[in-house]
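Work through the exercises below with the sequence and the structure at hand. Each task is followed by a worked solution.

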Amino acid sequence: MASSYDPRGLENGIAPKGPNKEITRHHHHGRTAHNMSSSSLRKKSDLSLVSKVRWSFLRDFLGNLQEVFLGTKLFILFPTVPLAVAANYYNFGSAWLFALSLLGLTPLAERVSFLTEQIAYYTGPTVGGLLNATCGNATELIIALFALSKGKIEVVKCSLVGSILSNLLLVLGSSLFLGGIANLSAKEQRYDRKQADVSTSLLLLGVLCHMLPLMFKYGTSGGERTVEAGVPTLQLSRACSIVMLLAYVAYIFFQLKTHRQFFEAQEDEDENGVEAVSEEQPAICFGSALAWLVGMTAVIALLSEYVVGTIEAAAESWSISVSFISIILLPIVGNAAEHAGAIIFAFKNKLDITLGVSLGSATQISMFVVPLSVTVAWIMGTPMDLDFQILETGSLLLAVLVTTFSLQDGTSHYLKGLVLLLCYVVISACFFVLKTPMTEGNGIHRLGPSPMSSGGFGASA
């Protein structure tokens, strides 16, 4: 990657500050909506005190700490991470451990986005885009993998469905609603439909792959959870997962190579232009960013293990269903930083970035994280399929359809956002009143009789 600045200035971990227009021009096309959304929650670090430290090694180390931990508006939530570890060590209780771990994941998810963007400055926009395509929903993926390792298949399915619903209805709905209110004088907000059309078509393909195993089960066995019905359903799910992963690879090639202009985030060109240029500069060097990314991912894995291990106890303590926690609470808290960024850009009348965040994240979960989870479960010998049951699949289908129809004309106003929000409220109420147990710790999985065979997850007894 060619550039005009001297990389030796980055050797000790801190990047030089100040605008560099050549770097800005080079990296402009590498910035995605996801990057732009996350950067809206960042704040400049004042390194004046750190620069007075005499020893260069300590000065650079402290500068790194300040950039990583104080460079976000969510830094106030970082203390929940050691508190979660202490809660686990001193046995504070499962509910406290679950809540602290969930809160601790919020700033860590935002910092992972920041660190992948820092790495992208040195690897170029294509590799940076691949990093975002794989790490953009790292929290959901890690939680899913830990839940799979513990045999909690329904927790995996509910959390992934909840992430898609949250992005399509809650994030997009609140962004369109609040953006429409903030720009009421303009009557309507406009956006480019091209990116929305690509994402919604992939989401519809994902819903089809979810519906086929469900329809196959009901078409061959009347909806009974029998081994005879389960084996073909599992085989069909694995075949559909491979197709979904191939479609996601094609989507990444489409996004990063052939039609990159559809997904480019536009920069501000107003009075804040100087500040926008400074945001294009790397804050830390490549080695430091990579080391911090590995460390943050390890901490996310630790907190994810706490979340998965205490979710049933927290649900029992709070007298709410595990399905409500998995589908509603986990996605809201885990993606809070990304959600806030999407709303901020809707306020600024930049709906292309808002749509890139919400639809892009939903597409990534639907077409990458879900089939990857099925594939990993296949390798682990865990019988996870794409049959997410009729209630979850129906909610997902209707959410995708409502979102698709709402984005057809390339314009938005607050009523569209309100409708999406109300859809999310109704779905949330549905899973809140759902009290079906989700116990899988006794080896009860989807291929055999289950305590969920009557009620909330859609199969008839």
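**Exercise 1: a glutamine in a helix**

Glutamine 118 counts as buried, because its relative accessibility is 3% and the cut-off for buried is under 20%. The model is a predicted one.

Task: Find which helix holds glutamine 118 and which residues it contacts beyond four places in sequence.

Solution. Step 1: glutamine 118 lies in helix α5, which spans residues 94-123. Step 2: with neighbours within four places in sequence set aside, the contacts of glutamine 118 are Pro282, Ala283, Ile284 and Ala289.

**Exercise 2: an arginine, buried or exposed?**

Task: Classify arginine 238 as buried or exposed, and list what it touches.

Solution. Step 1: arginine 238 sits in helix α10, residues 227-258. Step 2: its relative accessibility is 16%, so arginine 238 counts as buried. Step 3: not counting residues up to four places away in sequence, arginine 238 touches Val374, Trp378 and Thr382. Step 4: arginine 238 and methionine 384 are 146 residues apart in sequence, with a C-alpha to C-alpha separation of 8.9 Å.

**Exercise 3: a helix pair**

Task: Describe how α16 and α17 pack, and state which residues meet.

Solution. Step 1: the axes of helix α16 (residues 389-406) and helix α17 (residues 414-433) are 11 Å apart, at an angle of about 175°. Step 2: angles over 145 degrees count as roughly antiparallel, and α16 and α17 are therefore roughly antiparallel to each other. Step 3: from α16, Leu391, Glu392, Ser395, Val402, Thr403 and Ser406 meet Lys416, Leu420, Cys423, Ile427, Cys430 and Phe431 of α17. Step 4: sorted by type, the residues of this contact are seven nonpolar, three polar and two charged.

Key
Residues are numbered from 1 along each chain as its sequence is written. This is a predicted model: local features need pLDDT of at least 70, side-chain atom pairs count only at pLDDT 80 or more; totals for chains, interfaces and linings use all residues. Side-chain values use heavy atoms; hydrogens and water are left out. Axes are lines fitted to C-alpha atoms, for helices over the stretch in contact, and angles run from 0 to 180 degrees between N-to-C directions. Helices (H or I, at least four residues) and strands (E, at least two) are DSSP runs, numbered from the N terminus. Angles under 35 degrees count as roughly parallel, over 145 as roughly antiparallel, 65 to 115 as roughly perpendicular and the rest as oblique. Contact means heavy atoms within 4.5 Å. Ala, Val, Leu, Ile, Met, Phe, Trp, Tyr, Cys and Pro count as nonpolar, Asp, Glu, Lys and Arg as charged, and the others, Gly among them, as polar. Buried means under 20% relative accessible area, exposed over 50%, partly exposed in between (1.4 Å probe, protein chains only).
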